[in-house]
Amino acid sequence: MQLTDKHREYWSRNLNLTAVLLAIWFVVTFVVIWFAKELNDIVIAGFPFAFYMGAQGALIIYVVVIWFYAKRMNQLDKDYGVYEGEE
Amino acid sequence: MAATTSNAAFFNQLKKYYSFYTGGFVAFVIILAILEQMGLPPKWIGYIFLFATIALYAGIGIMSKTADVAEYYVAGRRVPALFNGMATGADWMSAASFIGMAGTLYAAGYDGLAFVMGWTGGYVLVALFLAPYLRKFGQFTIPDFLGARYGGHLPRTIGVLAAIICSFVYVVAQIYGVGLITSRFTGLEFGIGVYAGLLGILVCSFLGGMRAVTWTQVAQYIILIVAYMIPVVWLSVSITGNPIPQISYGQALQDVTAKEKELNDPTTTLGAAELTVRAIHKEKAAEWGDKLKALDAAVAAGNGAAFWAEQKAKAEAKLAEAKAAVPLDEKAVKAAQKAVDDFPKNIDKLKAKWKGSEKGAKDKSGNVPGHATAFSGKGAEKKLMKEAKEKGVEPTPEEIAKAKAEDVKASNDKRNNFIALVLCLMVGTASLPHILMRYYTTPSVREARQSVFWSLFFIFLLYFTAPALAVLAKYVVYHDLVGSSFASLPAWVANWQAVDDTLMKIVDMNKDGLIQLAEITIGGDLIVLATPEIAGLPYVISGLVAAGGLAAALSTADGLLLTIANALSHDVYYKMIDPNASTVRRLTISKMLLLVVAVVAAYTASLKPGDILFLVGAAFSLAASAFFPALVMGVFWKRANYLGAVIGMIAGLAVCMYYMFITYDFFGGVDANQWFAIKPIAAGVFGLPAGFLGVIIGSLLSPAPAKEIQELVDHVRYPSLEGDIETRAA
């Protein structure tokens with residue numbers, strides 16, 4: 001089994017995507033918690049911002065992040081020829 | 001191509017089955033509702049729900065019985081992403097999520113959101129770091145991966161041990177939950193409820209292993225989500241007129257916040273009344289404080305045992321007195337009897353109980369914390385100003401600065417603990433073997449990725465509803481209870497007070513005939529259990545909620561039991577003791593172990609071990625410290641090797657356990673030992689870096705892994721490679 005440059009590129013694009021999505025995860029979780037007291041002064045539609053993020057906003061973003069990862073990676077598999085045929 | 005059509009056909013068939021099933025279930029609930037109108041007593045509705053759902057699960061379990069190894073361990077690897085998502089959702093959401101979550105949020109407000117974020121955000125880690133790679137590897141258990149990636153028996157053995165420790169504490173908590181629900185809704189005794197629930201668990205998993213568990217879990221998910229949603233939507237409509245609680249509760253939250261301000265303002269009528277009750281709580285807290293001082297003094301003098309015996313004798317004397325009273329007050333006798341029955345078993349437990357009472361009284365003697373307020377300080381500055389004003393003196397700038405610093409520290413400690421807990425819960429989610437195992441069951445890597453999305457989506461439906469339910473329930477309490485008269489208590493309050501006074505208790509402490517917030521005690525589980533009644537729904541919906549809670553507990557227990565039994569039968573017996581064992585023998589051993597583990601877990605649960613919530617939290621920290629570094633580095637760092645994995649896993653587990661040991665009072669630890677004021681439940685925050693460091697240092701100290709191992713890493717990284725090696729187990 002020999003990896004080609006194309007394979008290496010696939011893997012590095014996977015790593016980049018993983019890093020970007022992980023950064024989003026980190027910001028909506030930990031950065032928002034860190035500044036929760038300050039962010040709670042912003043009130044939108046009755047919801048203090050940090051409270052809303054913890055209760056719902058972050059959750060919605062998690063779902064979207066995972067959805068996007070699945071979609072993007074499944075496309076990358078095809079683009080780089082590492083797509084699994086149906087078994 | 002033939003396989004494509006067969007997979008698609010299978011998917012369509014499943015869709016048909018489960019749509020039919022959902023329709024049938026709804027019809028069943030409607031028929032029961034009609035029967036209730038015609039006079040079927042509530043107790044019968046409870047029984048019918050309990051037995052009908054367990055019979056249903058048993059039916060699916062029997063239909064899915066199998067003698068094939070791949071079917072038994074990984075459901076034949078043909079569970080479509082959507083259905084694997086539902087099964088994972090049911091596997092994941094335990095009795096604690098279903099019944100306890102909204103109550104935690106009700107009590108803790110923002111600070112309780114650590115659980116909501118932690119138990120959902122972990123799936124991002126599952127998706128990015130684990131699920132697709134484990135699926136490509138494609139064997140049966142998590143220790144399988146450790147064994148193949150790092151070689152030798154040691155990494156596998158540590159993996160097995162860690163998997164058993166985390167899953168066992170977790171499964172005991174689930175069976176405990178099953179016992180509680182069964183006993184509450186049928187009136188059976190708790191111990192019998194535990195074993196009845198055990199039967200319900202075993203009928204699913206015993207005959208068909210993962211295959212049966214998967215298809216029952218899908219059925220259980222449908223019941224639990226329907227049961228959770230109906231009452232909340234109804235409540236939302238009746239309060240705000242909007243059927244989408246996740247949107248409408250913003251309005252209710254504003255109202256609740258305004259009410260909190262009013263209750264904390266002594267110049268308003270409500271605020272002034274609250275103040276009188278708080279003063280009573282303050283006195284009570286002082287009384288408990290004095291009692292605790294006496295207890296400590298006795299212990300210091302070496303008379304702990306005598307002191308305990310004296311207190312116990314007092315409780316018994318009270319019971320005798322109540323029994324002899326004329327006229328006989330049955331309520332008082334019952335209460336005194338309970339006090340004697342539940343009397344703490346030793347002096348340490350007595351101290352813990354008194355401490356709890358002191359804290360309860362103290363909490364109620366202060367202002368109402370804001371629901372959406374994050375990390376409130378301890379109010380030292382306010383207290384200082386108030387006391388100074390009463391004495392008529394001006395506090396010095398130093399005093400003010402000191403009080404301010406205290407507040408800031410308390411607030412920062414809360415924030416740090418929140419962050420640590422969220423991290424432990426998230427990484428723990430991505431390390432618990434019973435969840436990771438589910439991603440072995442999809443037909444392909446592609447579907448494994450999609451399946452994580454569906455998993456979180458289905459979990460999300462419940463978790464983003466819980467904060468809304470908590471606020472809506474608070475709205476009801478603030479509006480319908482606070483300020484109203486004791487003479488006109490709503491029916492649901494009286495009902496629940498009669499059922500269990502740890503769930504709902506209102507006492508007119510200041511004897512003004514009106515209800516104050518500080519006079520209400522609400523147990524966390526009440527919020528979900530009582531929502532149908534609060535919303536004015538018929539009893540059949542209460543039965544439905546109980547069935548939902550039962551489904552949540554049973555499904556999680558099933559997944560956990562299977563994990564433990566598989567770790568023992570597959571990893572220990574087949575991989576280490578007898579690799580030549582026949583298929584029949586492997587499955588027989590597996591089923592026997594399942595039975596043994598189930599009985600041991602049920603027995604442990606029937607002893608009602610205390611601190612069960614702590615143990616569940618501890619399972620996450622332990623799993624995070626033991627598994628996450630070795631699993632993730634195994635995929636993302638080719639250089640990671642045998643020594644690194646062994647050192648990393650042992651270091652992670654050891655640091656995590658050591659920290660719990662020195663800080664958690666159950667093991668004799670004390671708060672003073674805490675590092676950075678982090679609570680023992682978040683011990684993983686120290687175990688996790690220790691694990692990563694261990695993997696890195698151990699790997700760098702020893703030679704790079706063999707070429708075959710490096711090829712294995714490439715193999716799991718690419719869904720398909722030319723000339724690829726094969727690691728899948730048949």
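1. Let us begin with α19(B), which is mostly covered: 12 of its 16 residues are buried. Buried here means that 20 or more other C-beta atoms lie within 10 Å of a residue's own, while exposed means 12 or fewer and partly exposed lies in between, with C-beta atoms placed from the backbone. Among the buried residues of α19(B) are A466(B), P467(B), L469(B), K474(B) and Y478(B). Helices are DSSP runs (H or I, at least four residues), as are strands (E, at least two), and they are numbered from the N terminus.

2. A word on the source: this is a predicted model, in which local features need pLDDT of at least 70 and side-chain atom pairs count only at pLDDT 80 or more, while totals for chains, interfaces and linings use all residues. Residues are numbered from 1 along each chain as its sequence is written, and chains are lettered from A and ligands numbered from 1 in the order in which they are written.

3. How far apart are the end C-alpha atoms of α19(B)? They are 22 Å apart, which agrees with the 22 Å that its 16 residues (466–481) should span at 1.5 Å a residue; the expected span is 1.5 Å times one less than the number of residues. Just after α19(B), G483(B) has a positive phi of about 90 degrees.

4. Two residues other than glycine also deserve a look. A75(B) has a positive phi, near 55 degrees, and sits in the loop between α3 and α4 of chain B. With 26 C-beta neighbours inside 10 Å, A75(B) counts as buried. F375(B) has a positive phi near 45 degrees and lies in the loop between α14 and α15 of chain B. Its 20 C-beta neighbours inside 10 Å make F375(B) buried.

5. Next, a helix pair. Helices α5 (95–108) and α22 (539–577) of chain B pack at about 130 degrees, with axes 6 Å apart. They are therefore oblique to each other: under 35 degrees counts as roughly parallel, over 145 as roughly antiparallel, 65 to 115 as roughly perpendicular and the rest as oblique. Axes are lines fitted to C-alpha atoms, for helices over the stretch in contact, and angles run from 0 to 180 degrees between N-to-C directions.

6. In that pair, A95(B), S97(B), F98(B) and I99(B) meet G548(B), G549(B), A552(B) and A553(B). Contact means C-beta atoms, placed from the backbone, within 7 Å.

Methods:
Two residues are in contact if their C-beta atoms, placed from the backbone, lie within 7 Å.
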